[in-house]
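I opened a new notebook page for this chain today.

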Amino acid sequence: MASPIQKPTRRPHAKTRTGCRVCKSRKVKCDESRPSCRNCLRRGISCDFNISAQNAALSPQSTSNSTPAGNQVTSPTSSVSHQPTPAGWFSALDLELLHHFTTSTCFTFTTEPMTRNFWRVNVPRIGFSHQYVLKAVLSLAALHLARIKPQRRDVLLEQAMVHHNASSSLALPVLNSISSEDSVPMFFFSMLTTYIAFASPKEPDNLLVRSSGVMPEWLFLFRGMRSVLDVTSDAYAIHSMLSLGVFFDSGQIMNDIWDASAPSEHEGIKELESLINYYVKDAEKLDEMTQAIDLLRRSFAIFYGGNGNYTDDQRLRSAFMWLFKLRAEFVNLLKDRDNEALCVLAFFCVLLQRLDYNWWIEGWGVHLVARIHSVLDDGYRLWIRWPIEEIGWVP
């Protein structure tokens, strides 16, 4: 009599019951990385490992009105009912990051004393009432500190990602139904997120952050600030909170200089415009190209004009004023990988290269012109010969 067929036995495998609750609820394997498991980190979810690590420092006595013991302090946002704070506490690293922002990072954005003080004092204060601003502050500080402390780079970059994901998750519901009351904190959230996008490590092939186009994330975010300001036409809503007029005055001065100055001629831009006028037959598209090039001429005049009286801050503002003033139709051309629009963006890379001394912009001129060159059709690569040579990149 034939012996019954033996069913193959399954190899025993080690089971873990110590994974985070999110992974358990999703029935996926948790790698138990600290302070946040990789699954939660990728999904932008607050991992309860991070929360548990913070709560472990709490004692029953520390939840009273007395000052908490150890290296933890109560979150100033814990009393804000519409912004949940699961743990309600900051870690020692978070405090280090906040300290670094107010003593170092805030001074890297501008040389104007009043604006520096605004970043140092007022922006963190806004964050105490709007947690998405505070977490964006901590994320940017972590990115800055990672450059200064390379031996801690991996931990700091991971912490920057955790805070950035949390900040974005908190801000998204507000952004979807933004009111004039939210316009000020959301404006600074947009600014901070733009800095974060610039300062984050650049992947060699990471230009296409949106599946529909080639626009870098920071360009999208920078233009988002314009949308935030357009929420209200009431100037009082912008200037009513924490003396915001001080912050915007320097920008208004640069805008007045921009409007009053005539665009200067530049041989590289002139050649690009001639090519576009010859090859672009669609009247509406040609109008968008002409407007973008005219704006770029104004930015180039600040960098390459004969007047050497412009400050570094004014040059920085003039470069990004081009992004701010671009029309949505031209941005849509960039999203659609339009060759002519990408060539115009390649000329903007020259200004980024001239601003390379800013830690959060460093390397973007070379990185972006290289990526544009890689996605352009062969014939159009000759159109960006001047910016490639000016930047010093070798294809």
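**Entry 1: what counts as a helix.** I take a helix to be a DSSP run of H or I with at least four residues, and helices are numbered from the N terminus. With that in hand, I looked up H373 and found it in helix α17, residues 364-375. I am working with a predicted model.

**Entry 2: H373.** Is H373 buried or exposed? I read a relative accessible area of 15% for H373. Buried means under 20%, so H373 is buried. Next I listed its contacts, leaving aside neighbours within four places in sequence. H373 touches R381, I384, I388, W393 and P395.

**Entry 3: the whole chain.** I stepped back to the chain. It holds 18 helices and two strands. Of its 395 residues, 48% are buried. I also checked contacts with a separation of 6 or more. Of these, 70% join residues 24 or more positions apart.

**Entry 4: helix α12.** I picked α12, residues 267-279. Its 13 residues reach 19 Å from first C-alpha to last, close to the 18 Å expected. Which residues of α12 are buried? I noted G268, I269, L272, E273 and I276. They lie on the same side of α12, because they cover an arc of only 130° around the axis. On the face turned away from that buried side I found the exposed residues E267 and Y278. Then I asked what covers the buried residues of α12. The cover includes α13 (283-304), α16 (339-354) and α18 (385-391).

**Entry 5: the cores.** The largest nonpolar core has 91 residues. Those with the most contacts inside it are W119, F320, W322, F330, V344 and W360. A second, separate core has six residues, including C20, C30, C37 and C47. I went back to V344 and again left aside neighbours within four places in sequence. V344 is in contact with L272, I276, M289, A292, I293, L296, W322 and F330.

**Entry 6: a helix pair.** Two packed helices are described by the angle between their axes and the distance between the axes. I looked up both for α4 (residues 92-103) and α5 (residues 113-129). They pack at about 145°, with axes 8 Å apart. Their crossing is right-handed. Which residues make the contact? From α4 I wrote down L98, F101 and T102. From α5 I wrote down W119, R120, P124 and F128. W119 was already in my notes, as one of the residues with the most contacts inside the largest core.

Definitions and conventions: Residues are numbered from 1 along each chain as its sequence is written. This is a predicted model: local features need pLDDT of at least 70, side-chain atom pairs count only at pLDDT 80 or more; totals for chains, interfaces and linings use all residues. Side-chain values use heavy atoms; hydrogens and water are left out. The expected span of a helix is 1.5 Å times one less than its number of residues. Buried means under 20% relative accessible area, exposed over 50%, partly exposed in between (1.4 Å probe, protein chains only). The arc is that of the directions from the helix axis to the C-beta atoms. Contact means heavy atoms within 4.5 Å. A nonpolar core is a set of buried Ala, Val, Leu, Ile, Met, Phe, Trp, Tyr and Cys residues joined through side-chain atoms within 4.5 Å. Axes are lines fitted to C-alpha atoms, for helices over the stretch in contact, and angles run from 0 to 180 degrees between N-to-C directions. A crossing is left-handed if the near helix is turned anticlockwise from the far one by less than a right angle, and right-handed if clockwise.
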